[in-house]
Amino acid sequence: MKEILDKYVIKDMSSWENVNADLVITDPPFGIEFSGKNGNYHRNADNVVSGYVEWSVPEYGEKIQQLLECIKKNLKENGQALIFSGWNNSNVIHEKIIGFNGLTLRGKLYWTYNFAPACKMRPAHNVYEIYWITNGDRWHFHNRCSTHHCQIGEPNLTTLNFKRDYKVNMPKYPTRLPFKLLQCVIEHFSNKNDLIFDPLCGSGMVGVVSHKLERNFIMGDLNKNGKIVFQHLLDYYLNKNGLIQDQKLMTWWKK
Ligand SMILES: C[S@@+](CC[C@H](N)C(=O)[O-])C[C@H]1O[C@@H](n2cnc3c(N)ncnc32)[C@H](O)[C@@H]1O
């Protein structure tokens, strides 16, 4: 267990060097003054750990530039990256990728999910954009994954429909990505034993799923509380899988 925990390092994204990753999967802060503790999110805020580092709107472009530099210097020659984005600042991410010398935008995926802030005043968004970028002209891609995405109906690598998997009885990390979504992209974009890197890893979910799928991983975050959540998630997925029930979503909108 300690060996796996040590692959989560508390450090700034800009201080990584020569990781030589096959695949980067990363989910930058949204730039929306997000604390993860907002009452309109669908959970008890007391269970959510603190310490999430948000990026302010004025610095957002510069931070994305630093993230792209981090990706460039830590990818293998034919490595690739998937960058998640909420809708608010996705134009900034798009423009920065297009203008970045040495990384190529190959396409965009959309993750649709069962969660949206309770917005009474306007339609709520429940989609993330995922930018697919490559370092060179060659990359790994598998046509089929083993989730429902490819096992039921026609696989369509533009729209990924996965529910968030809430957990009970453990500390929570704001914006934790669900297991099956990560399984889907990891199986499509990497091979067994590949090295997967996430410099903004939060709960460390990218590492949990990589490990379960026999990929190697390395990751980091500035928030030391993220590592506490990672430890609980490892315990859940490696030791107690199935013993703690996933939380059923309340049907609050029907009341
Ligand atoms: C959207 S969250 C990632 C959530 C993660 N994908 C998960 O599944 O839990 C973005 C993370 O970036 C971290 N962060 C912000 N600035 C950072 C920096 N300069 N270096 C490292 N981590 C940073 C935040 O603390 C936060 O945990």
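**Exercise 1.** Which residues does Leu182 touch, not counting residues up to four places away in sequence?

*Solution.* The structure is a predicted model. Setting aside residues up to four places away in sequence, Leu182 touches Ile25, Leu177, Met205, Val206 and Val209. The next step places Leu182 in the largest nonpolar core, which holds 52 residues. Leu182 is one of the members that touch the most other members, a group that also includes Val24, Ile25 and Val206. As general background, nonpolar side chains in soluble globular proteins tend to be buried together.

**Exercise 2.** Determine how helices α5 and α6 are oriented to one another, and list the residues in contact.

*Solution.* Step one is the geometry: the axes of α5 (residues 179-189) and α6 come within 9 Å, crossing at roughly 60°. α5 is therefore oblique to α6. Step two is the handedness, and here α5 passes α6 in a right-handed crossing. Step three lists the contact: α5 contributes Phe179, Leu182, Gln183 and Ile186, while α6 contributes Met205, Val206, Val209 and Ser210. Sorted by class, the contact of α5 with α6 has six nonpolar residues, two polar residues and no charged residues.

**Exercise 3.** Carry out the analysis for helices α6 and α7.

*Solution.* Helix α6 spans residues 205-212 and helix α7 residues 224-239; their axes come within 9 Å and cross at roughly 25°. Since angles under 35 degrees count as roughly parallel, α6 is roughly parallel to α7. The crossing in which α6 passes α7 is right-handed. From α6, the contact involves Met205, Gly207, Val208 and Lys212; from α7, it involves Phe230, Leu233, Leu234 and Tyr237. By class, the contact of α6 with α7 has six nonpolar residues, one polar and one charged. Met205 of α6 takes part in this contact and also in the contact with α5.

**Exercise 4.** Locate Asn18 and Asn169, state the phi of each, and decide whether each is buried or exposed.

*Solution.* Most residues other than glycine have a negative phi. Asn18, in the loop between β1 (8-10) and β2 (21-26), has a positive phi near 50°. Asn18 counts as exposed because it has 7 C-beta neighbours inside 10 Å. Asn169 lies in the loop between β6 (159-161) and α5, and its phi is positive as well, at about 65°. The cut-off for an exposed residue is 12 or fewer such neighbours; Asn169 has 12 inside 10 Å and so counts as exposed.

Notes: Residues numbered from 1 in each chain as written. Predicted model: local features only at pLDDT ≥ 70, side-chain atom pairs only at ≥ 80, totals over all residues. Axes fitted to C-alpha atoms, helices over the stretch in contact; angles between N-to-C directions. Helix = DSSP H or I, 4+ residues; strand = E, 2+ residues; numbered from the N terminus. Parallel < 35°, antiparallel > 145°, perpendicular 65-115°, else oblique. Left-handed = near helix turned anticlockwise from the far one by under 90°. Contact = placed C-beta atoms within 7 Å. Nonpolar A, V, L, I, M, F, W, Y, C, P; charged D, E, K, R; others polar. Core = buried A, V, L, I, M, F, W, Y, C linked by C-beta atoms within 7 Å. Buried ≥ 20, exposed ≤ 12 C-beta atoms within 10 Å, placed from the backbone.
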